[in-house]
Amino acid sequence: MQTNVFLGGADPLLGGSAVTPIDYDRQIAELKQMQERLESQRQQQRTQVANNPRQSQSPVWDEIEKLTAELSDREFDIVNRDEDFQQSQQTIMAILQREQMRLMRPIVEGTQDGKAALENHLALIRQLKKKATKEADRNMELFNEYTQHYSDMTYSEFLQMKNGSNPKK
């Protein structure tokens with residue numbers, strides 16, 4: 001038997017929503033901006049490949065860039081919608097990101113502002129981890145109290161009682 005327990009999150013039966021319509025609008029706007037940047041980068045890459053016929057040390061990359069540069073926007077959209085292409089692209093991007101981080105981490109940490117930003121980020125993460133742990137523990141304690149002593153009422157009513165408001169009946 002499987003039991004789903006929702007602690008501190010948005011349970012559709014208990015009410016609450018994790019994402020507001022405003023969040024959707026913001027996410028849509030961010031995705032549109034990212035799409036525009038990617039299209040701009042793709043166009044720049046096509047131009048660079050066309051204008052830079054020098055011999056490369058990466059013939060596989062060159063062949064990929066040549067083939068994609070030859071595609072029209074519609075053809076590229078069709079290729080881009082293919083699940084295998086998307087998975088392959090994600091794998092390559094993950095490798096690129098990993099290698100970029102491997103190369104850039106010591107450089108960023110070696111600069112004064114980079115080190116300060118990293119130390120600030122580390123302190124923030126430590127603080128947020130403590131806060132998240134406290135909240136998770138509190139939610140677990142509340143749920144344990146509910147299951148042991150107040151299982152005759154709904155969890156929503158229990159939370160209202162704990163918060164000092166009268167439960168609706």
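This report covers helix packing, a surface patch and salt bridges in a predicted model.

## Helix 3 against helix 4

Two packed helices are described by the angle between their axes and the distance between the axes. For helix 3 (residues 73–81) and helix 4 (residues 83–110), the axes come within 5 Å and cross at roughly 80°. Helix 3 is therefore roughly perpendicular to helix 4, since angles of 65 to 115 degrees are classed that way.

On the helix 3 side, the contact is made by Val 79, Asn 80 and Arg 81. Their partners in helix 4 are Glu 83, Phe 85 and Gln 86. Sorted by class, this contact holds 2 nonpolar, 2 polar and 2 charged residues.

## Helix 4 against helix 5

Helix 4 also packs with helix 5 (residues 112–149), at an angle of about 100° and with the axes 5 Å apart. This pair, too, is therefore roughly perpendicular.

Helix 4 contributes Val 108, Glu 109 and Gly 110 to the contact, and helix 5 contributes Gln 112, Gly 114, Lys 115 and Leu 118. The residues involved divide into 2 nonpolar, 3 polar and 2 charged.

## Nonpolar surface patch

A nonpolar patch on the surface is formed by Leu 103, Met 104, Ile 107, Val 108 and Leu 118. Together these residues have about 420 Å² of accessible area. Helix 4 supplies the largest share of the patch, with 4 residues; Leu 103 is one of the patch residues and is found in helix 4.

## Salt bridges

The count of salt bridges comes to 8, with a cut-off of 4 Å between a side-chain nitrogen of Lys or Arg and a carboxyl oxygen of Asp or Glu. Glu 30 and Arg 26 are separated by about one helical turn, because they stand 4 residues apart in helix 1 (residues 21–51).

Key
Residues are numbered from 1 along each chain as its sequence is written. This is a predicted model: local features need pLDDT of at least 70, side-chain atom pairs count only at pLDDT 80 or more; totals for chains, interfaces and linings use all residues. Side-chain values use heavy atoms; hydrogens and water are left out. Axes are lines fitted to C-alpha atoms, for helices over the stretch in contact, and angles run from 0 to 180 degrees between N-to-C directions. Helices (H or I, at least four residues) and strands (E, at least two) are DSSP runs, numbered from the N terminus. Angles under 35 degrees count as roughly parallel, over 145 as roughly antiparallel, 65 to 115 as roughly perpendicular and the rest as oblique. Contact means heavy atoms within 4.5 Å. Ala, Val, Leu, Ile, Met, Phe, Trp, Tyr, Cys and Pro count as nonpolar, Asp, Glu, Lys and Arg as charged, and the others, Gly among them, as polar. Patches are made of residues with over 30% relative accessible area and no salt bridge: like charges are joined within 9 Å, nonpolar side chains (Val, Leu, Ile, Met, Phe, Trp, Tyr) within 5 Å. Accessible areas come from the Shrake-Rupley method with a 1.4 Å probe; for residues, only the protein chains shown count as cover.
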